[in-house]
Amino acid sequence: MKTLTVFTPTYNRAYCLGQCYDSLVRQVNQDFVWLIIDDGSSDNTKELVETWIKEGKISIKYHFQENQGMHGGHNSAYSLIETELNVCIDSDDFMPDNAVDEIMKFWSRVEKDSKIAGIIGLDSYKNGTVIGQKIPEHITKTTVEDLYYRYNVSGDKKIVYRTEVVQKYPPYPLFKKERFVPLGVLYLLIDKNYELLCLNEVLCVVEYMEDGSSRNIVKQYYRHPKGFQYARMINMRHSKYIKVRFKNAVHFVSHSLQLLDFKMFNKTPRFFLTIFAFPIGVLLYGYVRYINTFKK
């Protein structure tokens, strides 16, 4: 069995999926399987993947499902993965030619115990510039939350998880008529019990597409209030940083107002914090509604 699953949730991205495929074909270490989660595409994604499977250049698994959104794609991937490690490479991103080899060599030489969830590495732009900051050399292991809020390291990072760890946690919830739940809630839950080993190597090359979730976060915010409200409650309950809990309390108020959820004070895990956050949450809701109503 292969050691690593590279999984890619995709929805109508046949036009750019080829660069991810090409990068996987070029990997100097082929100890991986590519799992494609087709989240209900209506373009030629299925036919394209079938041609790659027939080529037989790399090991590929294909799974089709009704459209559920990015988090639904992750749910399906985690239920299907059988390898020791897994990493998500988005449909518009790709891996440097030595990325799988860097993961394998690092994982084989480091000391690991049962409290290690996996590896955290770097993302870069196409020109090779690391996104945000590298991980300071003195940090050999950390949680995702500590990396950003204790060590103040900025920029997207790439996480390689042990599959048996990820599969211990509940799947992302699915809400009717919504297609988005922030993926970070799972990372925060894992943070409560595990740490990640730090690898200062680029594992993923990122391209922020015009139709990607990163560039449309304000629209996503307004279209998927239940998913975001759920994430705010998880963050308020589990974050160990007061500034993170307060920020999420503000957003929780905003999402609750949009949903006309007048039971927000019964649902919040941080009652008094939500009271303090309420005025700012009202202003935020007004701003987000204005942006989505008049700035479309």
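F271, F272, I275 and F276 make a nonpolar patch of about 470 Å². Keep in mind that this is a predicted model.

Where does I275 lie? I275 belongs to helix α12, which covers residues 271-294. The cut-offs are under 20% for buried and over 50% for exposed.

Next, helix α9. This helix covers residues 225-238, 14 residues in total. From first C-alpha to last, α9 reaches 20 Å. That is close to the 20 Å expected at 1.5 Å a residue.

How many residues of α9 are buried? The count is 10 of the 14, so α9 is largely enclosed by the rest of the structure. Among them are P225, G227, F228 and Q229. Further along α9, the buried residues include R232, M233, I234 and N235.

What covers the buried residues of α9? The cover includes α7 (184-191), α8 (217-223), α10 (242-258) and α11 (264-267). Helix α12 is also part of that cover. And α12 is the helix that holds I275.

Last stop, the loops. N12 is found between β1 (4-10) and α1 (14-25). N12 is not a glycine, yet its phi is positive, about 55°. Its relative accessibility is 23%, so N12 counts as partly exposed.

Now look at N152. Its loop runs between α5 (144-149) and β7 (157-162). N152 also has a positive phi, near 55°, and is a residue other than glycine.

Notes. Residues numbered from 1 in each chain as written. Predicted model: local features only at pLDDT ≥ 70, side-chain atom pairs only at ≥ 80, totals over all residues. Heavy atoms only, no water. Patch = residues over 30% accessible without salt bridge, like charges linked within 9 Å, V, L, I, M, F, W, Y side chains within 5 Å. Areas by Shrake-Rupley, 256 points an atom, 1.4 Å probe, with all protein chains shown as cover. Salt bridge = Lys/Arg side-chain N within 4 Å of Asp/Glu carboxyl O. Helix = DSSP H or I, 4+ residues; strand = E, 2+ residues; numbered from the N terminus. Expected span 1.5 Å × (residues − 1). Buried < 20%, exposed > 50% of the residue type's maximum accessible area, 1.4 Å probe, protein only. Contact = heavy atoms within 4.5 Å.
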